[in-house]
Amino acid sequence: MNLTDLISKLNIVSAPDCDGINVTDICYDSRKVVNGSLFICLTGGVADGHNFTKSAEALGAVAVVAER
């Protein structure tokens, strides 16, 4: 699915041009990211997903949804 279609219903503060970016998977666990994943940063009781954006990018995430 096209990233523009996925985020069209969200209240986005900042987003680059997303046309042409295809998302094949959605993950909130950076260890499960594959090429084409959209990584969602969640803040949990044990870990903060914001700390794993670089890891997700290295594994092939094409975009990140984050609070900060």
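**Notebook: surface, fold, cysteines**

I looked up the surface to begin with: the protein has about 4900 Å² of accessible surface (Shrake-Rupley method, 1.4 Å probe), and carbon and sulfur atoms hold 54% of that. This is a predicted model, where local features need pLDDT of at least 70, side-chain atom pairs count only at pLDDT 80 or more, and totals for chains, interfaces and linings use all residues. Residues are numbered from 1 along each chain as its sequence is written, and side-chain values use heavy atoms, leaving out hydrogens and water.

Next I checked confidence. pLDDT is the predictor's confidence in each residue, from 0 to 100; its mean here is 90, with 97% of residues at 70 or more.

Then the fold. I found two helices and three strands (DSSP runs: H or I of at least four residues for helices, E of at least two for strands). From the N terminus the order is α-β-β-α-β.

Of the 68 residues, 31% are buried, meaning under 20% relative accessible area (1.4 Å probe, protein chains only).

Last, the cysteines. How many disulfides are there in the whole structure? I found zero, a disulfide being a pair of cysteine sulfur atoms within 2.5 Å. For Cys27, the nearest cysteine sulfur is that of Cys41, 12 Å away. Cys27 is buried at 8% relative accessible area, and Cys41 is buried at 5%.

Methods:
Buried < 20%, exposed > 50% of the residue type's maximum accessible area, 1.4 Å probe, protein only.
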